[in-house]
Amino acid sequence: MTSTNPVITLTTDFGLRDGFVGVMKGVIYGICPHAHIVDISHDVGPQDVREGAYVLARQAFYFPENTVHIAVVDPGVGTARRPLAARVGQHFYVAPDNGVLTPVYEKAGQEGWPLHVVQLNKPEYWLKNISYIFHGRDIFSPVGAHLACGVPLEEVGDPIDDPAYLRLPRPEFEGGIWQGEVTHIDHFGNIASNIHREHVGAGQVQAARVGGQRVADWVNAFGDRPPGTLVCLYSSIDFVIVSEVNGDAAARLGVKVGDAFEVEIA
Amino acid sequence: MTSTNPVITLTTDFGLRDGFVGVMKGVIYGICPHAHIVDISHDVGPQDVREGAYVLARQAFYFPENTVHIAVVDPGVGTARRPLAARVGQHFYVAPDNGVLTPVYEKAGQEGWPLHVVQLNKPEYWLKNISYIFHGRDIFSPVGAHLACGVPLEEVGDPIDDPAYLRLPRPEFEGGIWQGEVTHIDHFGNIASNIHREHVGAGQVQAARVGGQRVADWVNAFGDRPPGTLVCLYSSIDFVIVSEVNGDAAARLGVKVGDAFEVEIA
Amino acid sequence: MTSTNPVITLTTDFGLRDGFVGVMKGVIYGICPHAHIVDISHDVGPQDVREGAYVLARQAFYFPENTVHIAVVDPGVGTARRPLAARVGQHFYVAPDNGVLTPVYEKAGQEGWPLHVVQLNKPEYWLKNISYIFHGRDIFSPVGAHLACGVPLEEVGDPIDDPAYLRLPRPEFEGGIWQGEVTHIDHFGNIASNIHREHVGAGQVQAARVGGQRVADWVNAFGDRPPGTLVCLYSSIDFVIVSEVNGDAAARLGVKVGDAFEVEIA
């Protein structure tokens, strides 16, 4: 890696109140002083590995080549679950082996990228004293910093070929309807599904159904309709979403992650 | 621009939970790897352009020369509203043309700074694929990064002379009283008005009136009175505020942004 | 200081909404453009000097040599309380003289580090215009930036030998029981005491008692027990804590900071 300012990202369920994120950055700068560190999110629900997987994968591929993505949603910290690092596409990943990288592995499958995964078992790349319950600070941050500063993946651990996967829900097509589910509700209350522009394909979306509502007003952008209108559109990463213009669709419809979300195709 | 570490700031209504801010930083570092990125606030109320305008202008002028301020409170994203960049005083700005830069333009008027505003219409400075609903990631961040790394303002768009302005409330003076309004309630519950030290001028503040309370105890600093005391004083940017020492004045008085705030002058 | 990227940390009670933290960073980069700035926490309770002291000291010692830690929890801002800077161990500190550095001074005592403390009284290292109520922006940030960029401690103020200390609660041992108190409840609801691994020493923890509950299930890590189990263990900085596996122990037990926390030793 020859970039003068390698980028490291952090995705965790730690919140920002206690200094857990700050101390990871202190450890990283002690090893790789010229890195830039970017917070993706620290508001993943506690122990919610699936949410962590989604939030990381929504943003990861927009980062510069050789970015090191550290993801720590880690209910099994200190147990037999393995710590991992991986090279996938043009990025590195450091995370516990609990499936939090599943969408990254799947992306590799779609893109034909080889999957290089190692089990972190070289303590010389960790902090000297390892706690049982904060591998984010003691193992993942130092390994991520070493990778960002040019240590080869092969140095930090031995290859494995059986990383853990989450079972993520897939939409199914039946009778002209894609049957999916709500995978994300964002800060604005936009309701995102797992039904992608590629599922819709050459068809046309007639309506989305979620929370007992059928929303047939397909738009390109929120501002195409007056405030308060329920609309459906593609999200910024091309999934079908339902939104209220200048409002909170999820609150209005009482929808939560995991609820059914259907898309009628013409 | 010759600084080795240009500064880019971000002010948005995106919140920190979804990774929307993180991905903007990923895009920026891909274009301008040695920038420093500073978050001003991501807790602007959803679609609240006026609040975004205020929060940016309170902090913007303290930043180093050539700082690029990116402000994205953008309910009209994807519609005909123009994306802009500007050079005002010693800083650059990148934002939608919805008035979020109004206090910056007004500052230019007060200071006699020329106003250079361009409409962003050179897609070669944007991401390759532009979504309809996330120009913060696809247009504003890449343009800001190019400006920070030395691309001249004139390269990223064509000049315009009719940027949009918000109508911001002005205090009026009548019968010895400045009649203003509450423009900001901060994290501590301090109640800030739009009545500036320059409005008070050579006069003396006798009292502030807000939320049905007349507060006549003028101080320099919170610690000048015991906890629980209601005081009035100048804020750190020289507006008249009402505070409760070690307490939350806004909660105590039931005050919100837009309420009347009056200052008696002797 | 020869590091190419000095590190500055910020710990405050400012929250992230108003831009108070952002403007401190703007001031810092104007003085020391190649610094890296790390947020430790900005969610210290308003005016809660003790909480600020704890959150800083939990993380400070993991940072690289010559890191400058700026801590601003400052109810006395603008009054006679002194602004300070200090060199302790391998780090610098900048803070109001209200005890927020107490655990740092105590660490120095334990480690035998000399304590170099100066009163900030050289306005040439401050912003030109000093507000009464935002020394975080006007004094602490510029001084911290100058220290990070190599100005010697002795240049920014005159030595003092009587910095203010907080009286922090100490656990007491009686009848085989360490009697301490709850000093921190983290984002996950883990309940931390002030009883350290060194208090336990060669003994064995039989049980922890907090919130009317006796928790006798001592583990190394959360994942050693099924979700919902109450366990006791060492925190990542070696204090005895009580946790609910994948749950919120503090909410379950109705515990708050300051409550009694006892540890039975065998």
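This is a predicted model: local features need pLDDT of at least 70, side-chain atom pairs count only at pLDDT 80 or more; totals for chains, interfaces and linings use all residues.
Helix axes here are lines fitted to C-alpha atoms over the stretch in contact, with angles taken between N-to-C directions.

In chain C, the axes of helix 1 (residues 20-31) and helix 4 (residues 135-148) come within 8 Å and cross at roughly 40 degrees. That makes the two helices of chain C oblique to each other, and their crossing is right-handed. On the helix 1 side, the contact draws on C:V23, C:M24, C:V27, C:I28 and C:I31, while helix 4 of chain C puts in C:G136, C:R137, C:S141, C:P142, C:A145 and C:H146. Sorted by class, that comes out as seven nonpolar, three polar and one charged residues.

Over in chain B, helix 1 (residues 20-31) and helix 4 (residues 135-148) also have axes that come within 8 Å, crossing at roughly 40 degrees. The pair in chain B is therefore oblique, and helix 1 of chain B crosses helix 4 of chain B in a right-handed sense. Here B:V23, B:M24, B:V27, B:I28 and B:I31 of helix 1 meet B:G136, B:R137, B:S141, B:P142, B:A145 and B:H146 of helix 4. The class tally for this contact in chain B is seven nonpolar, three polar and one charged.

Then there's the interface between the two chains. The size of an interface is often given as the accessible area lost when the parts come together. For chain C and chain B that figure is about 2,600 Å², 60% of it on carbon and sulfur atoms.

Notes
Residues are numbered from 1 along each chain as its sequence is written. Chains are lettered from A and ligands numbered from 1 in the order in which they are written. Side-chain values use heavy atoms; hydrogens and water are left out. Axes are lines fitted to C-alpha atoms, for helices over the stretch in contact, and angles run from 0 to 180 degrees between N-to-C directions. Helices (H or I, at least four residues) and strands (E, at least two) are DSSP runs, numbered from the N terminus. Angles under 35 degrees count as roughly parallel, over 145 as roughly antiparallel, 65 to 115 as roughly perpendicular and the rest as oblique. A crossing is left-handed if the near helix is turned anticlockwise from the far one by less than a right angle, and right-handed if clockwise. Contact means heavy atoms within 4.5 Å. Ala, Val, Leu, Ile, Met, Phe, Trp, Tyr, Cys and Pro count as nonpolar, Asp, Glu, Lys and Arg as charged, and the others, Gly among them, as polar. Buried area is the accessible area (1.4 Å probe) that two parts lose on being put together, summed over both.
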